[in-house]
Amino acid sequence: MTSVADYYAGKNVLITGATGFMGKVLVEKLLRCCPQVRALFLLVRPKAGQSMQQRVDDMIKCKLFDRVREDDAHFHRKIVPISSELTEPGLAISPEDADKLAACVNIVFHCAATIRFDEPLKHAVQLNVIGTQQLLGLARRMRHLEAFIHISTAYANCNRKHIDEVIYPPPVEPRKLIESLEWMDDRIVQDITPRLIGNRPNTYTYTKALAEYVVQQEQDKLNIGIIRPSIVGASWQEPFPGWIDNFNGPSGVFIAAGKGILRTMRANNDAVADLIPVDVVINLTLAAGWYTAVHKLVPRCPPGPLQKHHVMSSFKRNPLEQAFRRPNANITSNYLIYQYWILVSHKFPALLYDLVLRLTGQKPQMMRIFNRLHKAISLLEYFSSQDWEWNSENVNMLMAQLSPEDRKVTFNFDVRQLNWPEYIENYCIGTKKYVLNEDMSDIPAARQHLRKLRNIRYTFNTVLVVFIWRVFIARSQMARNIWYFVVSLCFKFLSYFRASSTLTN
Ligand SMILES: CCCCCCCC/C=C\CCCCCCCC(=O)SCCNC(=O)CCNC(=O)[C@H](O)C(C)(C)COP(=O)(O)OP(=O)(O)OC[C@H]1O[C@@H](n2cnc3c(N)ncnc32)[C@H](O)[C@@H]1OP(=O)(O)O
Ligand SMILES: NC(=O)C1=CN([C@@H]2O[C@H](COP(=O)(O)OP(=O)(O)OC[C@H]3O[C@@H](n4cnc5c(N)ncnc54)[C@H](OP(=O)(O)O)[C@@H]3O)[C@@H](O)[C@H]2O)C=CC1
């Protein structure tokens with residue numbers, strides 16, 4: 001049985017989406033744990049005024065690559081950036097580059113995609129479906145290709161409750177959809193999008209389902225493998241715990257909760273999300289690359305439960321700077337209760353805060369922030385308030401195929417060993433350190449700020465009670481009688497407990 005690292009020795013690997021969250025972890029892991037890999041060809045586009053080379057240089061300077069740098073200061077020599085825009089004809093790869101790739105690439109990892117839930121259908125199809133088709137076209141030209149690994153999502157078939165490790169028939173024949181979208185203007189496409197996506201929640205899951213089908217069409221010509229991760233979160237162990245660099249999925253929710261902005265969300269009460277650490281997904285992906293070179297498979301990443309109290313307690317121990325309120329989110333599956341909390345815990349404090357800003361001559365901003373937050377959580381709700389059943393026999397089979405060393409250490413993807421409270425703690429610290437770039441040495445000041453917020457809350461509640469008392473109790477005889485009745489009842493209870501505790505002592 002060869003080890004996974006042995007398989008990658010001397011191989012030329014092509015990666016799309018290498019500048020993204022998962023792509024970066026894939027590049028890092030390959031360089032660190034498969035040091036004999038020959039070259040990594042990264043398809044990168046110029047962006048935001050930066051050339052492709054500048055972007056790659058910036059990427060490898062980031063902290064994520066510290067461990068690789070320690071092992072080999074010249075690791076960048078193995079990285080070969082190739083200029084490419086996946087939505088352009090021929091992927092906008094120069095003919096010379098295309099010929100070079102066709103001549104030497106052994107394995108392709110296709111990670112690039114638009115993962116936005118609000119992406120217009122035309123663009124989502126252009127990148128997630130047509131981009132994938134074009135990459136497959138290039139792959140067919142690769143004379144030494146051993147495996148084509150496509151990163152899909154566990155939610156590509158989220159319109160089903162039970163999902164097996166098979167490719168389901170597509171919602172529409174991709175070719176027909178592509179032809180229709182070509183002549184339709186954007187307004188028409190926007191109007192018909194809800195009808196097209198049907199019982200899927202967004203264009204992302206719809207186009208990822210089509211992409212799976214497009215990949216499957218090539219199964220007679222290429223060795224294909226499809227990975228379907230659920231919700232990918234910060235790293236568990238590698239290259240270090242808690243690495244995360246974006247606001248997607250749960251990370252944005254955590255940050256908003258840690259900052260005390262998000263106080264309620266609609267979600268399943270017990271297991272609110274199927275979370276999987278990014279290093280686990282990447283270990284599985286690399287193992288699947290090795291295995292697919294010989295066989296074909298569609299593994300799914302095993303999910304884990306995410307519990308909200310771990311998030312709250314982590315942020316209380318390691319608070320974020322300048323929180324709006326103390327972290328305390330109320331997860332509910334009940335629509336009415338949710339609307340109540342939105343009003344009381346989001347809209348009312350935002351209005352109050354904006355009023356204070358206006359009175360002090362500043363620009364109001366809190367209501368705008370909450371409107372954006374509500375848009376974001378409404379898009380995530382579909383995933384956080386439902387359950388799916390996934391079959392993961394292929395994952396178990398793949399695990400059994402690994403050597404003991406790979407299975408337990410180098411390419412471990414067994415989340416049963418994961419300590420969830422510890423993972424969530426590191427995840428929350430990771431959002432603080434790597435997404436918000438906050439310094440850990442500021443934690444005492446952040447704690448002090450939370451204490452100040454708690455005192456403000458106590459003062460506010462006391463003022464509110466006194467106000468209510470003045471308005472209602474002091475003015476109506478009946479309210480006064482009820483009040484005296486409640487107070488005397490409390491007093492009687494207190495005396496009773498005091499008497500009974502004296503007797504037992
Ligand atoms: C309380 C605790 C308990 C919690 C329990 C619940 C947990 C989780 C629940 C449910 C998770 C479910 C997840 C399902 C996942 C499925 C799995 C997958 O297969 S794929 C991946 C999923 N994809 C996404 O997650 C994309 C979702 N995001 C979007 O679609 C958009 O971001 C959206 C519509 C939500 C918002 O869009 P906009 O246009 O309003 O905002 P924008 O462009 O994203 O960015 C806002 C600002 O933030 C900055 N920003 C973004 N990333 C940044 C970064 N890394 N660093 C600094 N700034 C950043 C941006 O530059 C922008 O700033 P400027 O307004 O331009 O100034
Ligand atoms: N994150 C998650 O929770 C999950 C992700 N997945 C899947 O994993 C894969 C990677 O996701 P993730 O890393 O989170 O996504 P990111 O958004 O972080 O990365 C997307 C990558 O695709 C590249 N890309 C986007 N558009 C183009 C384009 N037109 N031409 C060339 N490259 C482009 C981006 O490059 P650039 O830097 O230039 O924008 C970036 O490198 C996706 O296929 C996604 O569907 C599946 C399940 C869950």
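**Briefing: two ligand sites in a predicted model**

A backbone N or O atom of isoleucine 151 lies 3.4 Å from an oxygen atom of ligand 2, which counts as a polar contact (a pair of N or O atoms within 3.5 Å). This is a predicted model, in which local features need pLDDT of at least 70 and side-chain atom pairs count only at pLDDT 80 or more, while totals for chains, interfaces and linings use all residues. Residues are numbered from 1 along each chain as its sequence is written, ligands are numbered from 1 in the order in which they are written, and side-chain values use heavy atoms, without hydrogens and water.

**Ligand 2**
- Around ligand 2 there are 25 residues, of which Thr19, Arg45, Arg55, Glu85 and Tyr204 come nearest; a residue is near if one of its heavy atoms lies within 4 Å.
- An N or O atom in the side chain of lysine 208 is 2.7 Å from an oxygen atom of ligand 2, and a polar backbone atom of alanine 113 is 3.4 Å from an oxygen atom of ligand 2.
- Of the 890 Å² of accessible area that ligand 2 has on its own, the protein covers 89% (Shrake-Rupley method, 1.4 Å probe).
- The shell around ligand 2 divides into 13 nonpolar, seven polar and five charged residues, with Gly counted as polar and Tyr as nonpolar.
- Helix H2 (21-33) and H9 each give at least two residues to this shell; helices are DSSP runs of H or I with at least four residues.

**Ligand 1**
- The 28 residues that surround ligand 1 have Arg116, Phe117, Thr153, Tyr204 and Gly249 as the closest.
- A backbone N or O atom of aspartate 245 lies 3.2 Å from a nitrogen atom of ligand 1.
- The protein covers 69% of the 1400 Å² of accessible area that ligand 1 has on its own.
- H14 supplies six residues, the largest share of the shell around ligand 1.

**Chain and salt bridges**
- The chain is divided into domain 1 (4-239 + 272-307 + 388-415) and domain 2 (444-504), by an automatic or database assignment.
- The centres of these domains, taken over C-alpha atoms, are 57 Å apart.
- The whole structure has 23 salt bridges (a side-chain nitrogen of Lys or Arg within 4 Å of a carboxyl oxygen of Asp or Glu).
- Glutamate 218 and arginine 140 form a salt bridge at 2.8 Å, N to O; the two residues are 78 residues apart in the chain.

Technical notes: Polar contact = N/O pair within 3.5 Å; in protein donor to acceptor, adjacent residues only side chain to side chain.
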